[in-house]
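Work through the exercises below with the sequence and the 3D view open. Each task is followed by its solution.

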Amino acid sequence: MEISFSGKRIVVTGAGQGIGRDIVKKLVECKAKVIAVSRTKSYLETLKQECPDIEIIAVDLQNWNATREALSKLKNIDGLVNNAAIAMLRGFFDITEHDVDLSFDVNVKSVINVSQIIAADMVARKSGGAIVNISSQAALAALRDHTVYCGTKGALDSIARCMALELGPHNIRVNCVNPTVIMTEMGKLGWSDPAKAQSMISKIPLGRFGEVDEVVNAVLFLLSDKSSMINGVSLPVDGGFLAT
Ligand code: NAP
């Protein structure tokens, strides 16, 4: 199955590192015009060296108004990938107010903010579109030390279903991709300890963590017209972890 995004303009958040960076590169390979949004400007600049045709926007998505200012100029967007997120991992009794506020600001509030900005223009143009959120298996299963992160990803799945309901009549589809552990910088944070890693791997029927490409492929499918009747789903990319 060939997927082409020729003539399409796609925004990807959290594009500086990890999964988001590879989503940008694959979209460019598939002929999309990409707007890469992330926090650290230097990572975006090296990405632009690799993919000179992309547009880059450095903004801290935690800041609602700065995000509005930076992204409101974006028009004629066909697709959005809400990928930026943080993971602050602690045992339940060690969670701080700061952990909760920062995590929900970046992982949840910013998704509503960015999606409003992009979807409002899609509705005004009557163009339709596709929004894909990078959620997690953590939305759907309990993971030790992950209370706040699990809470944000559960909220993200729920928000995506509500957006699917309200934006569907405008032919805007909203879906989530829910990966298992992927060994990016974020993945290393939670799973570098071999004992922890082994305990998680033992619960994954395919017996391994996921690869970045395996997430990227699912995202491109849900962004593309090949998934034109799929709306409001949370798609695990987890080797069967959630099935057991
Ligand atoms: P990552 O390597 O830590 O990359 C996250 C990206 O998001 C970075 O480029 C980061 O910017 C950006 N970001 C974070 N906070 C931001 C903010 N306030 N404003 C703008 N950009 C911000 O993480 P990843 O593993 O690629 O994760 C990508 C997505 O997959 C996340 O939604 C994550 O929850 C999800 N996920 C990851 C795993 C995993 O095991 N890795 C599993 C399931 C789901 P900087 O470059 O400045 O750091």
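**Exercise 1. Locate the ligand.**
Find where the ligand sits.

*Solution.* The ligand sits in the largest pocket. "Sits" means that more than half of its atoms lie within 2 Å of the pocket's grid points. A pocket is an open set of points on a 1 Å grid over the protein atoms alone, where a 1.4 Å probe fits, with protein on both sides within 12 Å along at least five of seven lines; lining residues have an atom within 4 Å of a point. This is a predicted model: local features need pLDDT of at least 70, side-chain atom pairs need 80 or more, and totals for chains, interfaces and linings use all residues. Numbering runs from 1 along each chain as its sequence is written, and side-chain values use heavy atoms, without hydrogens and water.

**Exercise 2. Describe the shell.**
Which residues around the ligand are the closest?

*Solution.* Start with the count: 31 residues surround the ligand (a heavy atom within 4 Å). The closest are Thr 40, Asp 60, Asn 83, Tyr 149 and Thr 184. Next, take the helices (DSSP runs of H or I, at least four residues). The largest share of the shell, three residues, comes from α6.

**Exercise 3. Find polar partners.**
List polar contacts of the ligand (N or O pairs within 3.5 Å).

*Solution.* Take the ligand oxygen first: a polar side-chain atom of Gln 17 lies 2.9 Å from an oxygen atom of the ligand. Then take nitrogen. A side-chain N or O atom of Asp 60 is 2.8 Å from a ligand nitrogen. A polar backbone atom of Leu 61 lies 2.9 Å from a nitrogen atom of the ligand.

Definitions and conventions
Polar contact = N/O pair within 3.5 Å; in protein donor to acceptor, adjacent residues only side chain to side chain. Helix = DSSP H or I, 4+ residues; strand = E, 2+ residues; numbered from the N terminus.
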